[in-house]
Amino acid sequence: MNGQPKPAFYATVGLVVVALIAFAIYRSDIFAPAPKANPDVGKIDPGKIGPGQISPGQLSANAEHPDPGPDLMAKEYKFRPRQERLPDPSGVGAYTALDKTDNTVRFALNVWAGWGPIILANNGFKPAHVWKTPDSQEFKVELVVIDDPVKMRDAYAAGQVHIGWGTLDMIPLFMGGFVDDSGKPRDARIMPRVFQQIDWSNGGDGIVVRESIKTVADLRGKKLVLAQNSPSHYFALNMLVSGGVQPSEVEFVYTEDAFQAAAAFNAQKDIAGCVSWAPDIYNLEKVKGNRMLVSTAQANKLITDTWFTRADFARDQPGIVEALVRGIFDAMTDLKQEAKKKQLAELMSKGYNIPAPDALSMQGDAHSTNWAENSQFFLNQNNPTNFERVWNQSYYLYRRVGSIAHQSVPFDQVMDPSIIEKLGKEEKYASQKDEYRVQLTPKTVSEIRSAEKEILTNTIVIKFFPNSWDLHKKVTHKVDGKDVEDLYDPTVDLTLEEVAKLAGQFGAAQIIIEGHTDSSMRGQVPATLVKELSLNRANAIKEALLQKYKDLDPNRFAVEGMGWDKPADPADPDNHFKNRRVEIKVFSAEQQ
């Protein structure tokens, strides 16, 4: 019958249902996929990363063939007792005892602007400043520069440094040396405890490409150079998957570190893109024929730095850990003063062996995260860019490219929010506000398209009931002879969470939500009706996101109804299942 779905349609739906079930089993980590011979052959699902219905009485015809959430705001985790989640290890501490180091804590870090607060708090890298625990016990801190993350991990595991550094996405990689294949600790004493988020990368990481590369999708079939299993790798995987590009579709060129990646891109013109960090990305961007595709200036909640202690050290020295957290937060406040920024530049110049003017300018590459932002990161279950989501995303991406083989370690067996919770009871910290909110002027779709550069397009599929834009539409069906109500799209909330995560990661970008419909009623209803339906669907997604995730700025979003004008696959324009979709387009934005 004309206009009715064909048998192939039902077969396609069946395959999708099977895939969703398989995906749910995979994400639950019931089975941990083994590493693949080719590390990039594992295909990554981009989906892992207000209601209403058209009334026939209001409209003259159906726009599509008629075949057949709550306001959560901030929601704190309800953790199990700390000793159940993070049990103290047994046995004597296996780290270098403080009585052998003149009561000096060895704190590893790398050459990065984000460590400014601890450098300022310690008045440099040498153990000269005297710190005090809450009970007035004195200690000192030596800041040890270990740029190579593998060497840092090994020094940490051997107890040569008491505190390690890492972007949060790197720690699951480190875990491969700390746990067995089942995810159980080989030695509980070296298991990391993350107490504090230091910063978000704020333009310090990015992808520089040749001028011919206009969006992330243009990297298909091209060479992309980067340091493997590094923040650059994680950044690249996120950008590719968010842009609908599978890693296997890109030819990766791996180097030992980000600096060598920049050098290779500069020397080899057949390499289309380079993932690296400041200052190299800015130097490469200045070269004629190159451009910045995307950086953490737009994806400003993706790469985050943390420090972690050994479990035995955290057990033995809780006062030192708390003093470090307090000192770092207090130094973040001090660094709002220009004089303190200049003082820090001189300290960084000596410790990092770089010119003081460069040290001063690089401070803007990272945004220091105060107590309020740490609270959101550690404690707010609804924060789309919280600790849990970054942790799980890292495990998922690195597992799929073969870099991780062990069973995932749950995030709450590494994250220790106890000190953040304690400081929240003090007015000094509880009165702090989230200072990392980028202010953007609202723009129309046409203004965004004409003024800004598109970075990537992420396509999502929400199963809308025909002629409806109700995201939580329920349908009735028979089960054992009884009427049972179920969501028409049972995965809608998971899909919305992934959109929120993408929007949260690109906290300084403009986003267009495009609604698309199928063309099943082409020639039977006016195109304006279909565009109205697609616009309502795009608006429904925007409103649902803003209702649940209160930290998302409504000024960043614009919506557009495309109707049936842009089929998902121009070569298969009548594939109605593929055409009923929403596209999320991310554009760079000028900050106000």
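**Figure 1. Strands β7 and β8 in the predicted model.** In this predicted model, strand β7, formed by residues 223-227, runs parallel to β8 and is joined to it by five bridges. Within this pair, Lys 223 lies opposite Glu 251 of β8.

**Figure 2. The five-stranded sheet that contains β7 and β8.** The strands of this open sheet follow the order β8-β7-β9-β6-β10, and their pairing is mixed. Its edges are formed by β8 (251-255) and β10 (290-295), each of which pairs on one side only. From one strand to the next, the twist averages 25°. Helix α7, residues 258-267, packs on the sheet and touches β6 (205-210), β7, β8, β9 (273-277) and β10. The direction of α7 makes about 145° with that of β9.

Figure 3. Strands β6 and β10 run antiparallel and are joined by five bridges.

**Figure 4. Strand β16 and its two neighbours.** On one side, β16 (residues 509-516) pairs with β18 (residues 581-588) in the antiparallel sense over eight bridges. Two positions may be followed along this pairing: His 516 has Arg 581 of β18 as its bridge partner, and Glu 514 stands opposite Glu 583 in β18. Strand β16 is also joined to β17 by six bridges, and these two strands run parallel. In that pairing, the bridge partner of Ile 513 is Val 559 of β17.

**Figure 5. The residues of β16 and their burial.** Ala 509, Ile 511, Ile 513 and Gly 515 point one way from β16, whereas Gln 510, Ile 512, Glu 514 and His 516 point the other way. The residues of both groups are buried. Because eight of the eight residues of β16 are buried, the strand is largely enclosed by the rest of the structure.

**Figure 6. The crossing of helices α6 and α14.** Two packed helices are described by the angle between their axes and the distance between the axes. The axes of α6 (residues 231-242) and α14 (residues 387-400) come within 11 Å and cross at roughly 85°. An angle of 65 to 115 degrees counts as roughly perpendicular, and α6 is therefore roughly perpendicular to α14. Where they meet, α6 contributes His 233, Tyr 234, Leu 237, Asn 238 and Val 241, and α14 contributes Val 390, Gln 393, Ser 394, Leu 397 and Tyr 398. Sorted by class, the residues of this contact comprise six nonpolar, four polar and no charged residues.

**Figure 7. Pro 185 and its surroundings.** Pro 185 is located in the loop between α5 (171-175) and β5 (192-201). With a relative accessibility of 41%, Pro 185 counts as partly exposed. Apart from its neighbours within four places in sequence, Pro 185 is in contact with Phe 178, Val 179 and Met 191. Val 409 lies 224 residues from Pro 185 in sequence, while the two are 9.4 Å apart in space, C-alpha to C-alpha.

**Figure 8. The whole protein, for orientation.** Of its 592 residues, 53% are buried. The protein exposes about 25400 Å², and carbon and sulfur atoms supply 52% of this area.

Definitions and conventions:
Residues numbered from 1 in each chain as written. Predicted model: local features only at pLDDT ≥ 70, side-chain atom pairs only at ≥ 80, totals over all residues. Heavy atoms only, no water. Axes fitted to C-alpha atoms, helices over the stretch in contact; angles between N-to-C directions. Helix = DSSP H or I, 4+ residues; strand = E, 2+ residues; numbered from the N terminus. Parallel < 35°, antiparallel > 145°, perpendicular 65-115°, else oblique. Contact = heavy atoms within 4.5 Å. Nonpolar A, V, L, I, M, F, W, Y, C, P; charged D, E, K, R; others polar. Pairing = 2+ DSSP bridges. Buried < 20%, exposed > 50% of the residue type's maximum accessible area, 1.4 Å probe, protein only. Areas by Shrake-Rupley, 256 points an atom, 1.4 Å probe, with all protein chains shown as cover.
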